[in-house]
Amino acid sequence: MTEQNIDLYKELKKYFGFSQFKGLQEKVVTSIISGNNTFVIMPTGGGKSLCYQLPALVLEGTAIVVSPLIALMKNQVDAIRSMGSDIGVAHVLNSSLNKTEVNQVKADILSGKTKMLYVAPESLTKEDYIQFLQTVKISFVAIDEAHCISEWGHDFRPEYRNLRSIIKQLGDVPIIGLTATATPKVQEDILKNLDMPNANTFKASFNRPNLYYEIRPKTKNVQGDLIRFIKQHKGKSGVIYCLSRKKVEEIAQVLQVNGISAVPYHAGLDAKTRAKHQDMFLMEDVDVVVATIAFGMGIDKPDVRFVIHHDIPKSLESYYQETGRAGRDDGEGICLAYYSYKDIEKLEKFMSGKPIAEQEIGYALLQEVVAYAETSMSRRKYLLHYFGEEFDEVNGDGADMDDNVRNPKKKTEAQDQIVT
Ligand code: ADP
Ligand code: MG
């Protein structure tokens, strides 16, 4: 099919059951269907998957979708399969398949059944796969989580750096990069590494007008403050992020002792316990999850009413991602972070063992966190500026939704007397 004779709304309804595109989706889909290199920057939950899934379904050939995590791929493929039987089939090619399964996937691709082939970047480096894919009609290559290509992103993966040269071997196929990381540095890196300086670029706003941002100095009494806050929001769902597993356990216990229904979540718990605690939170058997950053990937609970950072995160990207889990339903979402310079020093110490280049980036990202925490200007303006977006702090959407704007005050100086 060509761009002209595709009724996008009909296809949208047929495959996804939606009557409307979300945000920039229609423009992105049109760009891809027209065969252009395309770059998509949308916040998490913005609907990036559909941007390449719909073109994959209507274009001739197979679209290759590069995704960093096997779990994410499986989720997506299951979701596509559950959409109905006449839907274009999606397959995964990765190290978890045995020889027979690989051959089955190959056969499906050759028969034209497979509209989307999900691959991990390291699988794509396999000579055997490259040779096979050279014999296949490829509609385009979509690179999801494209920030993994950049050392300035929060999740650098060296294998992503090989993608461009591999794609070149597959012929002259269009490339679609997608990410929720909005910093100009990461974007530049992506365009440069994928060698597509003239890609059609679509960037959605990162403003979340319903989120309220507040930074509190982290004093000795942080736990008491935390308990008071949660009790004031009794019965509401919330996530509390801590830096270490030990801290997670400690805070979860303190909350429980104080009559708050809370469970811990971190990578040190066995898979069964983790799944149980996550389900309890989703089913509202508990109000609060106390967690390390291990919690949240792919968690889609719409009515999380507060996200609290007991410990300040290592970058504003992380802060934005984690706070972004509040108020997905556009209802209330309070984002509270405790800040002390001691915690910054702790984070610096973590980095000291790493390679120099990585350290330098880490320090630079951390300085942005410090500046954000200590600023007296509109937090929303600061955050959005960091993501390369201008925000009108007088009339913009959500302009009064932070502590600095509501209570203009002198700078929040880092407290030094604290114990953590
Ligand atoms: P992202 O990858 O940008 O984080 P997803 O692709 O996972 O976002 O989509 C987020 C949610 O938005 C999903 O639940 C998806 O079904 C929904 N969604 C996507 N496009 C539309 C649309 N056009 N109309 C309604 N819901 C949509
Ligand atoms: Mg996504």
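Which residues point one way from strand 11, and which the other way? In this predicted model, where local features need pLDDT of at least 70, side-chain atom pairs count only at pLDDT 80 or more, and totals for chains, interfaces and linings use all residues, Val288 and Val290 point one way from strand 11, Val289 and Ala291 point the other way, and all are buried. Residues are numbered from 1 along each chain as its sequence is written, while chains are lettered from A and ligands numbered from 1 in the order in which they are written. A residue is called buried if 20 or more other C-beta atoms lie within 10 Å of its own, exposed if 12 or fewer do, and partly exposed in between, with C-beta atoms placed from the backbone. Helices (H or I, at least four residues) and strands (E, at least two) are DSSP runs, numbered from the N terminus.

Strand 11 is joined to strand 9 by four bridges, and these two strands run parallel; two strands are said to pair if DSSP finds at least two bridges between them. In this pairing, glycine 238 stands opposite valine 288 of strand 11. Four bridges also join strand 10 to strand 11, again in a parallel arrangement, and here valine 263 stands opposite valine 289.

These strands lead on to helix 11, because what covers the buried residues of that helix includes helix 10 (222-232), strand 9 (237-241), strand 10 (262-265) and strand 11 (288-291), where contact means that the C-beta atoms of two residues, placed from the backbone, lie within 7 Å. The buried residues in helix 11 are Val248, Ile251, Ala252 and Leu255. Seen down the helix axis, they fall within an arc of 100°, so they line one face of helix 11; the arc is that of the directions from the helix axis to the C-beta atoms. An α-helix has 3.6 residues a turn, so residues three or four places apart point the same way. The face of helix 11 turned away from its buried side carries the exposed residues Lys246 and Val257. Just after helix 11, glycine 259 takes a positive phi of about 80°.

Helix 15 (residues 356-374) has 19 residues and reaches 27 Å from its first C-alpha to its last, close to the 27 Å expected at 1.5 Å a residue. Its buried residues are Leu365, Leu366, Val369, Tyr372 and Ala373, and, seen down the axis of helix 15, they fall within an arc of 110°, so they line one face of the helix. On the other side of helix 15, Ile356, Ala357, Tyr363, Ala364, Gln367 and Ala371 are exposed. The buried residues pack against strand 8 (211-217), helix 13, strand 13, helix 14 (341-351) and helix 16 (379-386).

Elsewhere in the chain, strand 3 (residues 89-93) is mostly covered, since four of its five residues are buried. Five bridges join strand 3 to strand 4 (residues 114-119), and the two run parallel; the bridge partner of alanine 90 in strand 4 is methionine 116.

The surroundings of ligand 1 consist of 13 residues, the closest being Phe18, Lys22, Gly47, Lys48 and Ser49, where a residue is near a molecule if its C-beta atom, placed from the backbone, lies within 6 Å of it. Helix 3 (residues 48-58) gives the most to this shell, with three residues. The shell divides into four nonpolar, seven polar and two charged residues, with Ala, Val, Leu, Ile, Met, Phe, Trp, Tyr, Cys and Pro counted as nonpolar, Asp, Glu, Lys and Arg as charged, and the others, Gly among them, as polar.

Most residues other than glycine have a negative phi. Aspartate 195, however, has a positive phi near 50°, and its place is in the loop between helix 9 (184-193) and strand 7 (200-203). Aspartate 330 has a positive phi near 70° and lies in the loop between helix 13 (316-323) and strand 13 (333-339). With 13 C-beta neighbours inside 10 Å, aspartate 195 counts as partly exposed, whereas aspartate 330, with 11, counts as exposed.

Technical notes:
Expected span 1.5 Å × (residues − 1).
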